[in-house]
Structures are given as structure tokens and as C-alpha cells.
Amino acid sequence: MDVEGRASKGKPLTLNLEQGQEKGTQNDDYGLASAHSIDRDSWQQVGLMLVTSFNCGWILSFSNLCLWPLGWTWGIICLIVVGFYTAYANWLLAAFHFIDDRRFIRYRDLMGYVYGKSMYHLTWVFQFLTLLLGNMGFILLGGKALKAINSEFSDSSLRLQYYIVITGAAYFFYSFFFPTISAMRNWLGASALLTFTYIIFLLIVLVKDGKSNSNRDYDISGSEVSKIFNAFGAISAVIVTNTSGLLPEIQSTLRKPAVKNMRKALYLQYTVGVLFYYGVTVIGYWAYGTMVSAYLPENLSGPKWINVLINAIVFLQSIVSQHMFVAPIHEALDTKFLEIDKPMHSGENLKRLFLLRAFFFTGNTFVAAAFPFMSDFVNFLGSFSLVPLTFMFPSMVFIKVKGRTARIEKKAWHWFNIVFSFLLTIATTISAVRLIVNNIQKYHFFADA
């Protein structure tokens, strides 16, 4: 099926959903060059990866970040509307994996081909900023989980920074031995088992605590100005719960037909996956109300072994799930510095891979230790960069590729998406910066938060 659009230099662009997928899919097809695998994974594998990765330990912050600032009515409305909106945006973006018989395995390549070099660089900045901040958030998450385990057995816990370093080291070793998304396949079953185990135990304790807590308060406190800013921060957090900003990179690993298979994997995420991370978000807020913590295990009544088990599983599961969210950065570094015509773990490549991973995680671990403000990372990455990556850019591609033949109501809808997401980016970014400024005033560098 071909659909013509209007290119920036007057040349027509052609969207190929079927023809492009019948051609070869090795790393040198369409002029592609990548040190990572292309066209290898099943949609079931990718779908399971999405379900487990989006149900990582970050969901333990979402009751506080998503519902506490909005309350029940607006909170539930926001969860539903943003959930459907992000699902639609990703479903749309999946269709642009092939244009003019070219396969786009990177988001920045897609935007650069359609809109030119400036959009290539802008997409690169937005995406890598999102992934870097997200990985720092994962390192903080793992550090908090380890510190929580230690606090159950000792009154003199080490500073958070020690646990952050341990987490960074664990992430480094995993990414070194399993450097690509496709290499995660042997760990996804164990990750899924760990994911569902900790969520089930967590839900049991939440329901128990909720039934015994008769003094729950759901009133939204603060001035009208702070309520508005906090509401935009909550919208950013809901966006983070549902999307990653790296769909083309994930889609590149799928076997043909890549568009259909990507959409099947998305269906799995937005049915099975959303059931669990929304479930934890809603039940956590129901159990504790406005007293819900930014790290849900801090509210749990026990017993001790459940607290230890949940935090231990959160740490172990995060080692696997964080890898998906940072894979495009690894791919860019590996493709640039490794000899891609040779096996990744052979000869000189092994040394280079070790240095690349060590350099990346040393830097990210240091920054995470210096700025241990977990919720700020979530809000900021969901505002400045993830909003345009998720909502604005797919509609921009639609206008350029399919603008000539699309019906007027479709073009109007996508122009609305572009303008609305632009305004939402401004509002949520202001809210996130305000939150960061407030926390900088409250905390100091290398704080034992």
C-alpha cells in the first residue's frame, strides 16, 4: 500500500507498509549499519519485554506522582485519556518504519529523512536526554531498593550513594555481557516471573493496609498555583508510565512484517502491561491517600520479609528492564566505536565494549549520586523531551508523508496534536523546572535522600 505525501524539497515521499517489509533485513539493507541485531525477534518476545520493562520498580512512585496531585476524579480521567493517547501515538509511529523503501531503525534517522538535518539533531538531543535521565532514575531506584533492604536489618544504614554505586556496577556488568535488546531474550522469562511476583505480593500488602487504614485523606493540599503546577507534573508522570520515546529502535529488532508485529507487541503492553502498572498506581493511592510515599515500599506495614522480598526483586528486575530504555545510546556508541563486521565479544571489540560501558555507567552513576531526586527525573523526562517524541513528532511525519491524500479532518487532527503537544511541552517543562528548583533549595549535592 503506497500513500504519497509532500517532501520538504518538493519530492514526494512514499509510505510502504508491505513492499518494504518483503525485502532483506540484514544490517546492511537500505544502507543501514548497526552493531546491534536487526530483524531477529518475535513480537511475543518484544511484547513481553515491554510488559516487564514498563512494570519495573518505577511504578512504585506513580501513586504519589500521578494521583496524589490530581485526586480521584481527575487522576483516573488522566490515566485513561493519556493511556489511550500514548497507545494511539505509538500505533501511528509504528506505521512509519518504512518510507520510500527505506527502513528506519532509529527515530533520529526517520525525522532527519523527512524534515532534514536540523530535526535529526533535535530528535537526537530529545531522545538521548530522555534516555540518560531515565537511566539515572533507574540507578536511583536500585539504590533506594538496596538501602531499604539494609534498613530492615540495621539501624546504621550506609549512605544512599554506596548503594547507587553498587547498582551502577550491576547495570554495567549486565550491559557488558548482554549488550543488545535481542540479547535480553534469555532473561525475559526470569524478569517476567520476578515482575509478577513482586507486584502480587505488593498488591496483597496494599489491600491489607488499605482495609486497616480508616483515616485515609484524599484532599489535594496547597495553593491554587501549586495545584496547577503539580497537576502538569502529574500529567508528565502519566506519560512516563506509558511510553519510552524509542519505538523505532525497538521495532528494528522485530521480524517482518515489522509494522504488524510492532502493533501486536503494543497491544500486549497496553492490555496486560497497563493492567498491572495502573493497578499498583490506583490501589497504592487508595490504601494511603495523600500520605502515599514517593517510594511505595516505605508505606508498607510489613511483615519484614515482604518488604525485603519486594525491594530485592525490584533491584534484580531493574537490572534487566533498564537495559531496554538505554539501548539506543548503547547502539549509537557501539556502531561508532566497534568493528561491526566482527562479533561483538571478540578480540578488540571486547576491550572497546568494556570501555564504552564503563565510561557510560561511571558518568551516569556519578550524576545520579550527586542529584538523588528521583521524582524530579520522572517529571522532567516526561515533559521537555518525551512529550514531543511521543505526540508531536509522529503527527509531523504524518503531515509530511500523507498530507497530500489525507482527508481534511485527519490533517486537522494531526495539526491539533502538534499544537497541543507543543503547548503541553511548555507547561509541563515549567512545572518540572519549578519542582527541581524547589528541591535544589531543600537538598544538597550527594544528599542521603
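This is a predicted model: local features need pLDDT of at least 70, side-chain atom pairs count only at pLDDT 80 or more; totals for chains, interfaces and linings use all residues.

Reader: How many salt bridges does a search of the whole structure find?

Author: Side chains of opposite charge can pair when their charged atoms come close. A salt bridge is a side-chain nitrogen of Lys or Arg within 4 Å of a carboxyl oxygen of Asp or Glu. The search finds ten. In one of them, Arg185 pairs with Asp41, with the closest N and O atoms 2.9 Å apart. The two are 144 residues apart, Arg185 being in helix H7 and Asp41 in the loop between strand E2 and helix H1. Helices (H or I, at least four residues) and strands (E, at least two) are DSSP runs, numbered from the N terminus.

Reader: Is Asp41 buried or exposed?

Author: Buried means under 20% relative accessible area, exposed over 50%, and partly exposed in between (1.4 Å probe, protein chains only). Asp41, at 0%, is buried, while Arg185, at 34%, is partly exposed.

Reader: Which residues touch the most other members of the largest nonpolar core?

Author: A nonpolar core is a set of buried Ala, Val, Leu, Ile, Met, Phe, Trp, Tyr and Cys residues joined through side-chain atoms within 4.5 Å. The largest has 112 residues, and Leu50, Ile250, Met262 and Phe393 touch the most other members. Another core, of six residues, lies apart from it and includes Phe176 and Leu338.

Reader: What does Thr428 touch?

Author: Contact means heavy atoms within 4.5 Å. Beyond four places in sequence, Thr428 in helix H14 touches Phe232, Ser236, Ser383 and Val387. Thr428 is buried, at 0% relative accessibility. A polar atom of its side chain lies 2.7 Å from the backbone oxygen of Leu424.

Reader: Which residues make the nonpolar surface patch?

Author: Patches are made of residues with over 30% relative accessible area and no salt bridge; like charges are joined within 9 Å, nonpolar side chains (Val, Leu, Ile, Met, Phe, Trp, Tyr) within 5 Å. Here Trp74, Ile77, Ile80, Val81 and Phe84 make a patch of about 570 Å². Phe84, in helix H3, is exposed at 64%. Accessible areas come from the Shrake-Rupley method with a 1.4 Å probe, and for residues only the protein chains shown count as cover.

How values were computed: Residues are numbered from 1 along each chain as its sequence is written. Side-chain values use heavy atoms; hydrogens and water are left out. A polar contact is a pair of N or O atoms within 3.5 Å; within protein, one must be able to donate a hydrogen and the other to accept it, and residues adjacent in sequence count only if both atoms are side-chain atoms.
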